[in-house]
Structures are given as C-alpha cells and as structure tokens.
Amino acid sequence: MLGRSGRKAGPQERLEALRRRVEDAVAYHQPSYDDFDRWLGYYDGSEQYNELEAALRARKLDDLVGDITIVNYLYSTVEHYLATAMRSLPRPFVVGNDASQDQAARLITDYLHAYARATNTDGEIERAYRSALVFGTGVLKAYWCRRRKRVVVRSVPPKLLVPDPCAARLEDCAFIAIRNEYGEDLLRALWPTAHPEELERSRPDARLGTEEGGGARPERYLVWEVYEDFGAKLTIFSGNQVLYEGDNPAPGGRYPLAVLRFMPREDKFFSAGLVELCYRLQTNINKLLTRIAIHLHYTANPIIVTSSKAEFRMEPGSIVRPETPDMRVEYLRPERVPVAAFNVLGLLGQGIDTVSGVHDVLRGANPPGVRAAVSLDILTQSAATRLQSQMRNWSTELAALWQLVLELTQAYEPGDVHMPTMVEGTAGLVTVPAEMLSTVVERRRPDGSVIYREDGSVETDVEPLPYQVVMQADAELPLNAATYAQTAIQLAQLGAIDAPTLLEALKFPGREQLLERMAAVKQAELAGQLLGMQGAAAGRVPQPAPQQAPPPPEEAEYEEAGAAGLAGGTW
C-alpha cells in the first residue's frame, strides 16, 4: 500500500487507510443496516405495534391504543418455512479422487456427521436460515479457534458484516470486514499481548447491539476483522492497535464465509428477505383487524345521546333515572362490520401465502374439502416444490462451508482426529487416522530439485489429501411419517427393498438386535437343510416328500365356497 506521496505507507498510515475504508463501507451500507432493525421488528411484532400506536396517537386517539390487534402472520410464515427447510437440511458426504480413497472418504463423512451433532452445527445453520428469511441474507463462518483447539462454525448476524460496496457477490468482494465485540476477559484470552487502554470501546447502538434490563452495560471492546486482497490477507485491529496482520489462516486464502441469500439483488450485496416481501400485506391485516376491534369497542361502549344535562357512564349495573317524563336516552351504535371486510382479510392472508409459498398444508392445516391422506401428501409435495428450489441454492453454499471445515481439520488438527457419536442409542467414537487426512511429501525447489537438511535427510512437508464435499438432502420431499412408512412397506412387498432396508427406513426400535436374530434363524435353517441333504445322500435320513404350498387366502376362500356350493347342489 502506498502513501499519499507515492512512497510505501508505514504501519500507521496503512491502519488509517484501512479504517477509512471500513468507515466508508459502513456509511454506504447504513440504509441496509437500518432496514435490518425494521425487518426484525416486523418479525417479532414490535414494529407492527409501534406503527399502529404512532398512527393513533397522531390522531389524538390515545384511548384506542388498547384496541390495537395484531395477528403476526410474518412470524408464523417464517417459522413454518424454516421448519420445512430444516427437515430437508442437506448432509455433507466426502468423496475421494479415486477408488483407493473410498474407505477414508466414508470414515471422514462419519466424522463430519458426528462433528455436526457434537457441536450443534445444525443450530448455527438454522440461525443463518432464519436470518436469510428475515433480513434477506444469512452468514455462516468457519474458522480454527485457538482457544478451543477445534474448528468452529457459527452464524454471523448480517448487520455485523461490512462487504465491499462495489461488489454484489462474495467472490467479487475485494475486502470484507466483520465487526466483533469482546469483553475484556475474552479479549485477553484471544490476544494476550493486547493493551485494553489503546483499544476502541464499543458504544451502545440500537443497530449493532441493544441493551437488556436497567443495569450498567459491561465494558466491551470493538475489534474489526478485515479480509483484503479478495481474502488473501487478514488484518485484525481495534483503535490504534493492530492485533494481527498477515496471511489469511483459512486454507487457500479464501473468505471463511458462506452467504445465504433469499432473493438476490443484482446491484446490492444484501438481498431481500421474506419479511420485506410480505410486510405491506401484514400492515394491512393489522389495520383491518384494529378497525374491527375499534368497531367492537364502540359497539360495547356506545355513545349516549340524551336531552338531559346529566352525564351518563356506561358501567355494569348503572341506573339511569329520567329527570322529566319526556327525557330521551339514545345510543349511537355503529353499523355492522360489512362482510366484505372479512373477505378482504382472507384475501390478505392468502396474499402472504402466495408471496411466501407457505400454504395451509405446510402449516399442518387441511385445505377446505380435502381429507384424504394421499391428497394431502400430494398437496404438501406440490407446495414444497418452490421451497426446494431455494434449498438447493443454499445447499451450494453449505457445500463450500463443509469443504472449509474439512480443510481446516486437515490443516490444524494434529495427528488422529476423534469425535464422539451416537449410533442406535449406543455411544461411540469416530476416529480418522492422520494418514487418511494428509500425506508427507518432499520439499522441492522451484526447479524441482529436492531440498536436503545439513545432516543429509530430506526436508518434508505435510500436505492435505484431496477430498471433495458434496451435499445430499435428508429428504427431497417432506413426507409425513405415516406416508413414508406406507411407501417403504409397499416397496418391500414388491421386492424392491429387503428387510434390513425396510427396518432402517421405518427407524424400527431395536432393529440391530432384530436383524441379528433374523440372521441367526436364517443360518440355523441353512445348517439344517445342509445336514438333511448330507443325510439323504448317505441313505440314513429319508428325504421328505415335497408338499404343495397352500393357496393364497383369496384362492382358499374361493375353493371352500365352491365346495360348499357343490355339496348343496346349487352348482
């Protein structure tokens, strides 16, 4: 990096230039960060309530604030979409370059599955999925944690990500910054040589961190993690202190991020989410429900018109005594709510279903007039088709994330790697030998000659073995358990699958022990048949006469009925 005079910039100048670059990017993305708070408010309902409250108070209708009525369709839609996506969450599978790596690939696959369960990686993916639905963008980060001595996968809130303003895709970003906040204890654990007095303290901010309760806010330090040169370089700084500067520790010098987009925009890094697409429909639903509630308020508490000067209060058990015989007491009641209002309410709800793709069958509700299980399954599969297209797009990003997890394990895990697992209710340990992850190679010069040490031995390096991670969905279609079991049984009856496969598909309790008993019985039958054949050949055991197999139940009933008819003389 060059200074303003064209000479090579010093450390302080580089830091100032990097800080300005980050600040400019934050200012550029500020509207998106403000929108994130807005979409979060619509998702949890707070923004919906605040909008209606502000509208009523602006019209000096403070007494009607209690009639605000909200049915949060957005929350329900996001959560049902999320549940469907998690049911079909793809799993990583490792493949090698040739058949000699098949066994190692299967063992590494088991290790990754055990890692996902032991570290609750599914929970982090679920948070990223929810961010993609609410904010439009979900972010996952994989890195080697020196403090925990293992690979860590965590979800990064999109409001903490500061991408290159000139790029709309991750691979096009010349730099990306991540905002981190640490307490002093964690800061010293990560960077023991840091001087807190020189670091930047984080300020309370509604966008980048809200405070809970009324207590004093604990001291936090703002640490920027900035990747430059398209991910090749990494600088970590806070205030005027550089905590790390050098090559990106991620294998291949790439961004350690997976970005999940809901509806990508061609000109912006941050995409549109489900909440942004549906919030206007939700606002109209809230307005209509609140108007109906206000109508009911005045119906139950009508305005009184009287010729008397006395004041009347509508209270339970109150008595009105006429002052004169001709005194009038009338109630001004509003007209009934028109039927069209409820029709519009239903259309607005259907509008959210249409935009989101989350229909009644995905919420567990039967459409009107549909009761047959097969029909419901067909509708469920049809409704899920649109969601599956989005899941396939996210699956590509997850494949890159798991590839990075594998390469981080190869690069930083010393020796054999172990991970606890649970199989069929039994605890176990998945162990991958070091020779399945990496190999020792000779160090060579650029001209190809081998490099020797002073004692004459060859210098060596440890290189990771090449593997590729592919993703496979747990279930392409979200069938319910009953339909899944029925389909498996029908396939077994047709001979398409065998008994072990059927029991595995049904998740039958104790299937391992059952399969062992079935194998033992089969082995005993084969041993008995073999002994009989040997005895018959020696002439000691008479060979039993072949018996005709009994007819199927339908044919047996038919023959029995025919015999009865002949005996009775009806045929």
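Predicted model: local features only at pLDDT ≥ 70, side-chain atom pairs only at ≥ 80, totals over all residues.
User: How many helices and strands does the protein chain have?

Analyst: Helices (H or I, at least four residues) and strands (E, at least two) are DSSP runs, numbered from the N terminus. Here the protein chain has 14 helices and 16 strands.

User: What percentage of the residues is buried?

Analyst: Buried means under 20% relative accessible area, exposed over 50%, and partly exposed in between (1.4 Å probe, protein chains only). Of the 571 residues in the protein chain, 38% are buried.

User: Which residues have the most contacts inside the largest nonpolar core?

Analyst: In soluble globular proteins, nonpolar side chains tend to be buried together. A nonpolar core is a set of buried Ala, Val, Leu, Ile, Met, Phe, Trp, Tyr and Cys residues joined through side-chain atoms within 4.5 Å. The largest one here has 109 residues, and Tyr129, Trp191 and Trp224 have the most contacts inside it. Helix H9 (residues 373-412) gives this core its largest share, 11 residues. Another core, of 6 residues, lies apart from it and includes Leu56 and Ile294.

User: And what is Trp191 in contact with, beyond its sequence neighbours?

Analyst: Contact means heavy atoms within 4.5 Å. Leaving aside neighbours within four places in sequence, Trp191 touches Arg146, Tyr182, Val223, Ile236 and Leu243.

User: Where is Ser271, and is it buried or exposed?

Analyst: Ser271 sits in the loop between strand S9 (257-261) and H7. It counts as buried because its relative accessibility is 2%. Its C-alpha atom is 7.8 Å from that of Phe135, although the two are 136 residues apart along the chain. Outside four places in sequence, its contacts include Phe135, Gly136, Thr137 and Arg261. The Ser271 side chain also reaches the backbone nitrogen of Phe262 at 3.5 Å.

User: Finally, where is Tyr298, and why does it count as partly exposed?

Analyst: Tyr298 belongs to helix H7 (residues 274-300). It counts as partly exposed because its relative accessibility is 30%.

Definitions and conventions
Residues numbered from 1 in each chain as written. Heavy atoms only, no water. Polar contact = N/O pair within 3.5 Å; in protein donor to acceptor, adjacent residues only side chain to side chain.
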